[in-house]
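Please open the structure in a viewer and keep the selection tool at hand.

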Amino acid sequence: QVQLVESGGGLVQAGGSLRLSCAASGRTSFSAYTMGWFRQAPGKEREFVAAINWSGGSTNYADSVKGRFTISRDNAKKAVYLQMNSLKPEDTAVYYCAARNPVTTTFGSWGQGTQVTVSS
């Protein structure tokens, strides 16, 4: 199992940028995991934002963030990142990092979340 800790959230004006980081630890190999970012706004269900495969060679994004957000990873540092540009008020949410178990293929490990607030 892998433990995850997010950082980098904060308050930003619309049109601004933030970079979220997720640090992984644990006995299993970080590079074995597909990693993802999810978010949950107040009163809404958690939703998928972006994912990246073990090598970083394949990524996918929710339509709502395509062209604005970029997910990346550094396996040597056991970290995954989410660069968020052109932020909108509707991006306001708690952002969670998650690791997909290579055996069960489900996102079974989650961080505690980091708050992102975009003011208009």
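How many cavities of 30 Å³ or more does the structure hold? The model, which is predicted, holds one such cavity.

**First stop: the cavity**

Select Val2, Ala24, Ser25, Gly26, Thr28, Ser29, Phe30, Tyr33 and Lys78, the residues that line the largest cavity. The volume of this cavity is about 30 Å³. Sorted by class, its lining consists of four nonpolar, four polar and one charged residues.

**Second stop: the nonpolar core**

Next, select Met35, Trp37, Leu82, Met84 and Tyr95. Within the largest nonpolar core, which has 30 residues, these five touch the most other members. Two or more residues of this core come from each of the following elements: β3 (18–25), β4 (34–40), β5 (47–52), β7, β8 (79–84), β9 (93–100) and β11 (114–119).

Leaving aside residues up to four places away in sequence, Leu82 is in contact with Leu18, Arg19, Leu20, Trp37, Val49, Ala50, Phe69, Thr70, Ile71 and Tyr95.

Move to the loop between β6 (59–61) and β7 (69–74), where Arg68 is placed. Is Arg68 buried or exposed? Arg68 has a relative accessible area of 10%, under the 20% cut-off, and therefore counts as buried. Display its side chain, which reaches the backbone oxygen of Ser64 at 2.9 Å.

Then select Gln83, Met84, Asn85, Ser86, Leu87, Lys88 and Asp91: Arg68 touches these residues, when those up to four places away in sequence are not counted.

Turn to its backbone: phi of Ser86 is near 50°, which is a positive value in a residue other than glycine.

Finally, select Thr105, in the loop between β9 and β10 (107–110). What is the value of phi at Thr105? The angle is near 60°, again a positive value in a residue other than glycine.

Notes: Residues numbered from 1 in each chain as written. Predicted model: local features only at pLDDT ≥ 70, side-chain atom pairs only at ≥ 80, totals over all residues. Heavy atoms only, no water. Helix = DSSP H or I, 4+ residues; strand = E, 2+ residues; numbered from the N terminus. Buried < 20%, exposed > 50% of the residue type's maximum accessible area, 1.4 Å probe, protein only. Polar contact = N/O pair within 3.5 Å; in protein donor to acceptor, adjacent residues only side chain to side chain. Contact = heavy atoms within 4.5 Å. Core = buried A, V, L, I, M, F, W, Y, C linked by side-chain atoms within 4.5 Å. 1 Å grid on protein atoms, 1.4 Å probe; cavity = no way out; pocket = protein on both sides within 12 Å on 5 of 7 lines; lining within 4 Å. Points joined across faces, edges and corners; volume = space filled by probe spheres on them. Nonpolar A, V, L, I, M, F, W, Y, C, P; charged D, E, K, R; others polar.
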